[in-house]
Amino acid sequence: MVRFEIKDRDAAGRLGVLKTEHGSITTPALLPVINPNKMLIEAEEMKKRFGAEIVITNSYIIYKKNSLREKALADGVHSLLGFDGTIMTDSGTFQSYVYNDIDVDPLEIVDFQREIGSDIGTILDVFTTPDTGYQQAEKQMMLTVERAKKSVTRKGDMLLACTVQGGIFPELRTKCAQQLSRIDADVYPIGGVVPLMENQVYDILTNSIVAAKKGLNPSKPVHLFGAGHPLVFPLAVALGCDLVDSAAYAKYAADGRMIFPWGTEKLDELSELPCSCPVCSGFTAKELRGLDEMERIKNIALHNLYVSFAEMQRIRDAIRKGKLWELVEQKAGYNPALFDALRVLENEDNKEWLERFEPVSKPSALVYTGVHTVHRPLIYRYQKRLLERYRPRESKRVVVVPEVSKPYSRFYKKDFEMLDCDVVVDSVIGPVPLMLDEMYPVAQSVFPRDIDEESREFAKKVMDSFLEKYGLETGGGEKNADRDVDLERIASVVDMQFGGGAADVLLDGKIVVKKSKKTGKIRNVFVDGKHILSLRAHDGLFTLKTSGAKRLHRSFSSPRLRVVITDECKPFIMEGKSVFARFVVDCDPDLRPFDECLIVSEDDDLLGVGRTLLNREEMLSFDYGVAVKTREGVKE
Ligand SMILES: [Zn+2]
């Protein structure tokens with residue numbers, strides 16, 4: 001069984017660790033393709049220069065050539081490639097697509113991969129081309145599933161990758177993914193997509209990935225087959241692909257093409273090298289052109305790899321910082337074909353899917369890059385929660401005011417404190433009642449002063465739904481000097497964060513609010529002498545204290561806000577140890593990554609309070625890694 005766990009995350013992307021017999025791989029990872037026939041750059045050099053923890057090679061090529069086959073069978077594929085890290089092998093599916101036919105039995109090639117000691121072997125699936133019609137694509141997909149079912153019985157200790165096919169039809173992709181998730185596979189590649197990437201049909205590519213992901217077991221790593229260009233890496237990772245491979249570095253080098261983060265350039269057309277990798281630092285464009293052919297190809301290949309590996313590092317860094325969407329959208333600025341991909345993600349179904357995986361808070365601000373930004377899952381969630389969880393004042397009157405510099409409540413302080421109505425800012429992310437103006441992502445977002453027309457229109461629609469939903473009338477408002485603005489602010493954020501009714505439960509009693517002496521901002525909330533909540537300065541959301549957790553636990557019935565664990569690990573949680581995914585029995589389907597949660601036993605005893613790392617479907621699927629980081633155990 002595959003050992004894969006999530007350590008950090010952003011968008012639907014995962015920063016994970018995948019363990020094999022030959023080491024640990026930090027994902028998302030780039031797998032350089034090693035051609036066993038001619039190693040342009042040795043696998044060992046991939047490790048030394050680029051820190052490659054995993055490479056991929058083709059078992060069919062090894063199988064077909066006597067000398068390679070015999071050596072691989074005698075000494076193993078690691079010895080053949082001279083690499084002691086993890087080796088994944090492909091099966092010949094792509095060759096069958098390129099040459100139309102190959103002569104190997106689907107089970108024989110799985111046996112062969114196992115015999116040569118591949119860490120991750122791949123089934124011989126049926127490559128469905130984008131121009132294949134529905135019925136044929138369905139037939140091929142079913143044949144792939146059949147082969148996968150037979151192949152898993154032959155895998156032994158080898159991890160087995162079972163490829164999702166289905167052509168350009170999302171329903172077939174999802175169906176294939178669901179069927180493959182029921183068998184004992186370890187890695188799920190998404191196949192048949194190379195022609196889509198070669199022709200830059202990124203909308204269909206996006207649909208294919210999303211449809212596959214919707215049907216796949218979320219605890220298994222997903223490999224996007226043939227995603228060789230850094231332009232598509234951020235998109236692939238943001239949609240939940242954990243592995244990508246690159247043969248492009250060598251293929252492009254062979255015809256003098258250099259890979260850059262923004263696209264591809266021909267060496268012949270460059271007067272300067274717009275790159276500072278070790279290759280480009282050592283040559284001028286003219287000098288590089290002047291090298292003899294083999295040297296030139298090798299150097300371009302090295303440059304292509306430096307750029308590709310650097311891009312993967314940038315993506316992992318973006319996940320840690322919560323900046324992955326920015327990276328995805330920036331790529332669309334380089335290549336408009338990627339705009340089509342972003343449009344696909346604006347579809348309501350896809351937004352709803354993405355929202356389930358999106359963290360509730362991030363270490364950095366949400367930064368606008370263009371018309372797509374307002375469709376990000378974080379903003380979608382804010383708008384949705386506002387329409388579900390907001391409680392308007394009894395007067396049902398609001399004053400809608402224009403967006404100003406942040407924090408809004410400072411600018412509109414007088415209106416906020418003096419009027420007996422809600423003051424709502426007409427913001428580009430939707431209506432922002434002043435009491436919500438410090439919570440993530442309202443305060444922590446950066447937009448230009450002059451917003452594009454399309455985003456404006458979109459915001460207007462959300463404002464209209466908001467006013468209509470709550471039956472609010474705009475304008476007016478009596479003066480009322482008795483408002484407790486702090487209390488209103490706490491109650492509103494609590495309802496947005498923990499759901500409707502949470503404020504009534506948490507704030508019932510004598511309330512004392514402690515503020516920071518330095519900033520004057522709310523820090524801690526005590527009710528009847530007990531510490532209930534702490535407000536986090538960086539994201540304006542609450543951390544739940546044990547006394548607060550007890551109140552929510554008493555008043556809300558299971559499974560609301562809960563992560564239910566098996567009784568065997570009860571004592572560990574009470575001591576404050578984290579919850580491992582394999583002990584989770586159930587979970588509130590409304591909990592999202594990085595949400596505050598109650599940890600309870602199967603009898604619904606409160607054992608602790610913590611912060612989720614996974615959502616429900618992940619908690620129930622993963623056998624490895626942490627599901628909830630426990631903050632405090634509850635001993636009595
Ligand atoms: Zn370079």
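Colleague: What share of the contacts in the protein chain with a separation of 6 or more comes from residues 24 or more positions apart?

Modeller: Such residues account for 69% of those contacts, where contact means heavy atoms within 4.5 Å. This is a predicted model, so local features need pLDDT of at least 70 and side-chain atom pairs count only at pLDDT 80 or more, while totals for chains, interfaces and linings use all residues. Residues are numbered from 1 along each chain as its sequence is written, and side-chain values use heavy atoms, with hydrogens and water left out.

Colleague: How many helices and strands are there?

Modeller: The protein chain has 27 helices and 29 strands. Those are DSSP runs numbered from the N terminus: helices are H or I with at least four residues, strands are E with at least two.

Colleague: And what percentage of the residues is buried?

Modeller: Buried residues are 59% of the 636. Buried means under 20% relative accessible area, exposed over 50%, and partly exposed in between, using a 1.4 Å probe and protein chains only.

Colleague: New topic. How many salt bridges does the structure hold?

Modeller: It holds 49 salt bridges. Each is a side-chain nitrogen of Lys or Arg within 4 Å of a carboxyl oxygen of Asp or Glu.

Colleague: Which residue pairs with lysine 362, and are the two buried or exposed?

Modeller: Lysine 362 bridges to glutamate 358, with the closest N and O atoms 2.4 Å apart. Lysine 362 is buried at 7% relative accessibility, and glutamate 358 is buried at 1%.

Colleague: What about aspartate 604?

Modeller: Its salt bridge is with arginine 562, and the closest N and O atoms are 2.8 Å apart. Aspartate 604 sits in the loop between strand 27 (596-600) and strand 28 (606-612), and arginine 562 in strand 24 (residues 562-565), so the pair ties together parts that are 42 residues apart in sequence. Aspartate 604 is partly exposed at 24%, whereas arginine 562 is buried at 0%.

Colleague: Where do glutamate 146 and lysine 149 lie?

Modeller: Both are in helix 7 (residues 134-152), three residues apart, which is about one turn of the helix.
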